[in-house]
Amino acid sequence: MRAIVKQRVDDKLYQNRYMVDHGRPHITVRPHLFPSRNLVALTQVCPAKCYQFNDRGQVTITSDGCLECGTCRVLCGTTGEITWKYPRGGFGVLFKFG
């Protein structure tokens with residue numbers, strides 16, 4: 001009988017690489033005083049944990065490490081709370097196994 005080895009999501013994400021396009025983030029969060037429910041939700045549902053609260057309670061993004069999965073576009077793309085575009089060629093996530 002074979003042993004089942006379980007991997008954490010963080011271990012799998014570590015295998016991806018990301019080419020940072022310095023000064024040209026592909027996602028930005030619109031300035032806000034208080035985050036909407038959807039922005040707050042992004043701090044929990046983003047698989048790469050790119051969205052965080054700053055010291056003033058606002059949601060910010062660090063797009064380095066973004067998986068370009070589209071979760072943020074589904075939650076906030078139509079409301080205009082974020083802007084999202086594909087990274088320039090040669091930049092962005094580089095999946096090791098696909």
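## Lining of the largest cavity

In this predicted model, the lining of the largest cavity comprises ten nonpolar, two polar and one charged residues. Here Ala, Val, Leu, Ile, Met, Phe, Trp, Tyr, Cys and Pro count as nonpolar, Asp, Glu, Lys and Arg as charged, and the others, Gly among them, as polar.

The search of the whole structure returns one cavity of 30 Å³ or more, and the largest cavity holds about 70 Å³ of space. Of its 13 lining residues, Cys46, Cys66, Glu68, Cys69 and Cys72 are the closest to the centre. A cavity is a set of points on a 1 Å grid over the protein atoms alone where a 1.4 Å probe fits but cannot get out, and lining residues have an atom within 4 Å of a point. Grid points are joined across faces, edges and corners, and a volume is the space filled by probe spheres set on the points.

Cys46 is located in the loop between α2 and β3. Because its relative accessible area is 9%, Cys46 is classed as buried (under 20%; exposed is over 50% and partly exposed in between, with a 1.4 Å probe and protein chains only). Its C-alpha atom is separated by 8.8 Å from that of Cys66, 20 residues apart along the chain.

Glu68 belongs to the loop between β4 (59–61) and α3 (71–76). Helices (H or I, at least four residues) and strands (E, at least two) are DSSP runs, numbered from the N terminus. Glu68 counts as partly exposed because its relative accessibility is 23%.

## Positive phi values

Phi of Glu68 is near 55°, a positive value in a residue other than glycine. Lys49, in the loop between α2 (37–45) and β3 (51–53), also has a positive phi near 55°.

## Basis of the values

Residues are numbered from 1 along each chain as its sequence is written, and side-chain values use heavy atoms, with hydrogens and water left out. Local features need pLDDT of at least 70 and side-chain atom pairs count only at pLDDT 80 or more, whereas totals for chains, interfaces and linings use all residues.

Conventions:
On a 1 Å grid over the protein atoms alone, a cavity is a set of points where a 1.4 Å probe fits but cannot get out, and a pocket is an open set with protein on both sides within 12 Å along at least five of seven lines; lining residues have an atom within 4 Å of a point.
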